[in-house]
Amino acid sequence: MPQKALLLVPVGNPPPVLLRDLEEPLALQLGLRVVVSKAALSTPTYAFNKDRAQYHCNAIMRRLVTLMEPGHAMVMGVTDVDLFVPDSPFVLGEADRESKSAVLSVSRLRQGVEGEQLKRRVQVEAIHLAGHLLGLSYCEDARCVMFFAQTPQDCDRKHMSPCNNCRNEFNKISR
């Protein structure tokens, strides 16, 4: 079976090295072929909500979908802006299975950390979001990559890989 391709797109000014650091873990954990886009989206002013001083995920994901080319099964934006969805104070990222698009923010993930710990948090959440794009749901195991992280510290407790239950589900889905 050919590998599914995930297009990674910088949105705003995320550290370029973080995008490259996502290629190997996404391939290893989910069997994805990762393509880092040569095109980038500028800071998404169209998604900015002045009352919240945050950026709406859905507006960014709608823009990301337009960048998908034949051969890409899904697209994920990586941004440095603070994200929200209407019923949450903030989100680390958001994925939409229907449109096969996701957006991940390093804004809150970088709180109090840098270097390897930041890289690991971003990798964990990228795998989590890609897992949703591939059909996985949230997991109740706080160590599973598919656990819903509500704080950056939740990411620190998560493993890079799905738990056995999620791995079995992934194997069923990807057949």
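Here is a walk through the fold, from its overall layout down to a few single residues. The model is a predicted one, in which local features need pLDDT of at least 70, side-chain atom pairs count only at pLDDT 80 or more, and totals for chains, interfaces and linings use all residues. Residues are numbered from 1 along each chain as its sequence is written, and side-chain values use heavy atoms, with hydrogens and water left out.

Let's start with the big picture. The protein has five helices and eight strands; these are DSSP runs numbered from the N terminus, with helices being H or I of at least four residues and strands E of at least two. Read from the N terminus, the order is β-α-β-β-β-α-β-β-β-β-α-α-α. The C-alpha trace spans about 45 × 35 × 30 Å along its principal axes. For 175 residues, a compact globule would have a radius of gyration near 16 Å, and the protein agrees with its 15 Å. (That radius is taken over C-alpha atoms, and the globule rule is 2.2 Å times the number of residues to the power 0.38.) Of the 175 residues, 47% count as buried, where buried means under 20% relative accessible area, exposed means over 50%, and partly exposed is in between, using a 1.4 Å probe and protein chains only. Take the contacts (heavy atoms within 4.5 Å) with a separation of 6 or more: residues 24 or more positions apart account for 68% of them.

Now look at strand S1. Seven of its seven residues are buried, and both faces are covered, with Ala-5, Leu-7, Val-9 and Val-11 on one side and Leu-6, Leu-8 and Pro-10 on the other. S1 pairs in the parallel sense with strand S2 (residues 33-36) over four bridges; strands count as paired if DSSP finds at least two bridges between them. Within that pairing, Ala-5 stands opposite Arg-33 in S2. To get from S1 to S2 the chain goes through helix H1 (residues 16-30), and this β-α-β crossover is right-handed. In other words, with the strands pointing away from the viewer, the path from the first strand over the helix to the second runs clockwise. S1 also runs parallel to S5, joined to that strand by six bridges, and here Leu-8 stands opposite Met-76.

Leu-8 and Met-76 turn up again in the largest nonpolar core, of 37 residues, where they are among those that touch the most other members, along with Leu-6, Leu-26, Leu-30, Leu-32 and Val-122. A nonpolar core here is a set of buried Ala, Val, Leu, Ile, Met, Phe, Trp, Tyr and Cys residues joined through side-chain atoms within 4.5 Å. S1, H1, S5, S8, helix H3 (115-133) and H5 each give two or more residues to this core, and H3 gives the most, with eight. Leu-26 is a handy one to click on: beyond residues up to four places away in sequence, it touches Leu-6, Gly-31, Leu-32, Val-34, Ala-126, Ile-127 and Ala-130. Apart from this core lies another, of 17 residues, among them Val-11, Leu-41, Val-85 and Val-91.

Helix H2 (residues 57-65) has Cys-57, Ala-59, Ile-60, Met-61 and Leu-64 buried. These residues pack against strands S1, S4 (54-56), S5 (74-79), S6 (83-84), S7 and S8. S7 (residues 93-96) and S8 (residues 101-105) are themselves an antiparallel pair with four bridges, in which Glu-94 has Val-103 as its bridge partner. Four residues sit between the strands of this hairpin, and Lys-100 takes a positive phi near 60 degrees.

S8 also holds Ser-105, which is buried at a relative accessible area of 3%. A polar atom of the Ser-105 side chain lies 3.0 Å from the backbone nitrogen of Ser-107.

Finally, two residues towards the other end of the chain. Lys-158 is in the loop between helix H4 (152-157) and H5 and is buried, with a relative accessible area of 0%. A polar atom of the Lys-158 side chain lies 2.8 Å from the backbone oxygen of Phe-147. Asn-168, in helix H5 (residues 164-173), is partly exposed instead, with a relative accessible area of 44%.

Note on methods: A polar contact is a pair of N or O atoms within 3.5 Å; within protein, one must be able to donate a hydrogen and the other to accept it, and residues adjacent in sequence count only if both atoms are side-chain atoms.
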